[in-house]
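Dear colleague,

I am handing over the structure we spoke about, with notes on what turned up in it. Please keep it open beside this message as you read.

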Amino acid sequence: VTDAARDWWEATADYFQDEADVAVGVDWGPGTDGDHGLLGDVAGRDAVELGCGGGQFGVGLAERGAEVVGVDLSAAQLAHARRLAADRGVDVSFVRGDVTATGLAAGAFDLAVSAMVLQWLPDVAPFAREAARLLRPGGVLAVSLPHPAYEVLDPETGALARSYFDDAPRVEREAGIDAEMRVYAHRVADVHGALRAAGFRVDRLLEPGSADPDDYDRLWNYRPELMARLPPTLVVRAVVPEEG
Ligand SMILES: C[S@@+](CC[C@H](N)C(=O)[O-])C[C@H]1O[C@@H](n2cnc3c(N)ncnc32)[C@H](O)[C@@H]1O
């Protein structure tokens, strides 16, 4: 599983970073706008970005004064991230690793963020356990993923294409790329349950959006008409309870 995600990102990172031209700063994903008040003042906070990709989110946090470690499976993505941090003159530590077993010290962080990474994992539980391990008591996890309701649509026709309850991955291939994209939809209740089972208290759950297609730009295979009908992105914040 990890190999499939890594192979895909090693093969597509350069194309993706060129095409997507992701802005530096907090970006939870399609249809979202800014940090939605989830992070507050991060200055002086120890933050880890789980699945940092090209580093735009983590570099944005570093520019707001956080001490940031970014973790990603893909060496190609990390090369983009390191270049971005150098270009912006910020110090971010990027390490190659799996978000479900980072090898970072337990209890080393006040904040863990992860944008649009969970869809590459078959199961949320190992991710939730690792995030809980990395955070101090009172630490905050803020995570986004493709909204599972949007994922039932055929992105071209807008027809209902899958069952909400279908756990099988969606597998796609692109001409000229020697790897496959293998992504998983996670039900809202499964995300909530995995976070709770890992010891988190879930304190925010957001489905950003609007019913007006003009409020959206087309992004990859996300279509404004569809995003105006179902939310494309789910954003959740959870807290490690203080001891005692
Ligand atoms: C859609 S990109 C998102 C990157 C970044 N968070 C952003 O918002 O631009 C997904 C990233 O997750 C990484 N990834 C997927 N599975 C992973 C895993 N198990 N451990 C670490 N990184 C992973 C990929 O290498 C890729 O860089």
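Predicted model: local features only at pLDDT ≥ 70, side-chain atom pairs only at ≥ 80, totals over all residues.

Residues are numbered from 1 along each chain as its sequence is written, and side-chain values use heavy atoms, with hydrogens and water left out.

A search of the whole structure gives 17 salt bridges, a salt bridge being a side-chain nitrogen of Lys or Arg within 4 Å of a carboxyl oxygen of Asp or Glu. One of them links Arg96 to Glu10, with the closest N and O atoms 2.9 Å apart. Because Arg96 belongs to strand S3 (residues 92-96) and Glu10 to helix H1 (residues 2-20), this pair ties together parts that are 86 residues apart in sequence; helices (H or I, at least four residues) and strands (E, at least two) are DSSP runs, numbered from the N terminus. Arg96 is partly exposed at a relative accessible area of 48%, and Glu10 is partly exposed at 29%, where buried means under 20% relative accessible area, exposed over 50%, and partly exposed in between (1.4 Å probe, protein chains only).

A salt bridge also joins Arg136 and Asp110, at 2.9 Å from N to O. Here Arg136 lies in strand S5 (residues 135-146) and Asp110 in strand S4 (residues 109-115), so the pair ties together parts that are 26 residues apart in sequence. Arg136 is partly exposed, with a relative accessible area of 26%, whereas Asp110, at 16% relative accessibility, counts as buried.

For Arg237 and Asp203, the closest N and O atoms of the salt bridge are 3.0 Å apart. Arg237 sits in strand S9 (residues 233-239) and Asp203 in strand S8 (residues 201-206), so parts 34 residues apart in sequence are tied together by this pair. Salt bridges that share partners also join Arg45, Asp46, Asp110 and Arg136 into one network.

Arg170 stands opposite Val183 in S7.

Note on methods
Pairing = 2+ DSSP bridges.
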